[in-house]
Amino acid sequence: MFILRVAAINCAVFEWIQHEKVGRECGLNNAQLYIARDEATPLPPAPGTLTELQTSALMFADASTRNVKVGDQITNALKKDLEVLARQQNAENIEEGTEDLFAEAALVVAVYNMVSRFLVAADVAGLSDDPVPWPIERKEHFVSLPNSHIIHAITITTSADAPWIVFANSLLTNLHMWAFVIPHLISDSPNIVTGKPRKPFNVLIHSQRGHGKSTLPEFPTVTTIPALASDIAHLLSKLNIPTPVHAIVGVSQGGAASLAFARSYPGLTRSTVACDTSPKTAPGNKEAWAGRIGVVYGGVSAEEIVREGVKDGEIGKGADYAVKVGMNKLANVTVPRWFPLPSKCAAKDSERGERHKWVAEMIENTPVSGFVAGAEALSDYDLYQQDEKSRTLFASPIERVLLLAGSLDGGGNIGKGLQRLREEWNIVRCKNTNVKPVEYAEIPFSGHLPMIDEAEHFAEVLLSFLDSF
């Protein structure tokens with residue numbers, strides 16, 4: 001774990017290739033290797049995949065490689081876990097044994113940082129310009145869609161026979177927001193904490209149009225929630241993903257898109273999982289979204305945004321202000337709303353503060369035009385209405401539906417809204433006694449993005465649902 005993390009951070013391809021084999025011989029599985037390779041996602045990872053010692057080792061190697069000096073909290077956590085190992089080796093001299101193991105660990109990290117730098121500088125095996133390989137097949141795609149826009153997607157394939165799960169991100173994030181959940185989905189080993197067996201899935205993540213590296217369609221095409229569902233259908237076709245997929249999973253804007261997908265493309269998926277969302281724009285939300293757009297452009301009133309629109313960015317303090325200042329201001333008001341107390345991501349210095357900062361950076365780096373397009377889509381949609389093929393949401397023949405909410409989202413109101421949706425949907429759906437009713441689940445102590453602040457609990461609920469059919 002020490003050596004692999006060093007190799008991932010330093011882009012030492014030769015070092016990774018040689019030691020991935022050793023890691024597997026020592027018992028590391030695909031999910032554990034994936035976490036070691038994924039140096040872009042904040043630590044610690046969600047519990048359930050790594051042991052406590054593997055987690056503390058990973059964090060020590062990461063901090064030592066990036067910062068040289070390692071903080072007391074990370075050092076003490078590693079020593080605490082090494083003490084257990086020292087006790088097993090020599091119960092009569094635990095303190096000395098622990099210090100010896102720690103010294104060995106620090107030396108391994110230091111030496112392999114030196115080795116990796118030599119390997120890269122000397123271009124050993126001619127691999128210095130190559131990316132560090134992933135432990136399973138992981139491919140990046142830039143897919144051209146019919147409305148002249150491009151969707152950035154990543155496929156993670158555990159096996160040719162594994163079912164596919166498709167994820168759709170929220171407004172103001174991108175495909176990376178699912179990073180804490182992916183190891184749980186690709187693992188074929190029992191959960192470290194619960195001991196529950198797991199079967200691996202194939203995964204498709206994508207950044208919705210206007211987010212991350214995905215672009216918006218050319219004018220005059222507008223972004224709507226049904227259009228986001230259509231993008232997913234096109235992605236499945238373009239990437240030759242076998243259908244029906246096992247599930248479409250979305251949150252917030254992506255959750256609305258997953259409901260729209262269930263309405264309009266029920267033959268392409270067996271199930272949908274809609275998280276922290278609504279089937280229609282709630283009363284007053286049009287003005288609320290306009291107000292958030294106004295924040296980005298420097299205090300423009302919601303009334304003016306509703307009345308005049310964005311005018312190609314020539315409103316308020318202008319497009320340059322929106323990019324350099326406005327998106328940061330939006331992040332400062334959005335992240336605390338998404339992760340209210342007592343969420344572990346509630347503040348930068350909270351238990352999972354690195355995730356708080358990570359989400360804030362995603363918001364700040366979202367293209368302004370993508371945010372505006374998504375906000376306008378969320379300002380005016382109603383999935384209770386029929387689609388262009390006269391389908392209604394409640395009439396969808398989709399096999400399974402899970403509605404899911406963080407218990408803290410909107411002070412609990414988002415969950416209450418989804419429970420009402422479940423009840424209304426089941427009045428229609430359960431007239432057919434052969435179908436499964438719509439289900440609802442809640443993630444305690446989580447906010448708008450439970451797959452981030454309570455990723456391990458989110459993964460447990462999601463996998464329980466996915467494994468049930």
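**Note on the aromatic pairs and a surface patch**

1. The structure holds nine aromatic pairs (rings of Phe, Tyr and Trp, the last by its six-membered ring, with centres within 6.5 Å; planes under 30 degrees apart are stacked, over 60 edge-to-face, the rest tilted). This is a predicted model, in which local features need pLDDT of at least 70, side-chain atom pairs count only at pLDDT 80 or more, and totals for chains, interfaces and linings use all residues. Residues are numbered from 1 along each chain as its sequence is written, and side-chain values use heavy atoms, with hydrogens and water left out.

2. Tyrosine 34 and tryptophan 134 make a tilted pair, 4.7 Å centre to centre with 40 degrees between the planes. The pair links distant parts of the chain, 100 residues apart: tyrosine 34 is in helix α3 (residues 30-37), tryptophan 134 in the loop between α6 and β1 (137-144). Helices (H or I, at least four residues) and strands (E, at least two) are DSSP runs, numbered from the N terminus. Tyrosine 34 and tryptophan 134 are both buried (under 20% relative accessible area; exposed is over 50%, partly exposed in between; 1.4 Å probe, protein chains only).

3. Phenylalanine 465 and phenylalanine 469 have ring centres 5.3 Å apart and planes at 65 degrees, so this pair is edge-to-face. Both phenylalanine 465 and phenylalanine 469 are buried.

4. Phe167, Trp178 and Phe458 are linked into a cluster by ring pairs.

5. Leucine 107 belongs to helix α6 (residues 94-121). Leucine 107 counts as exposed because its relative accessibility is 55%.
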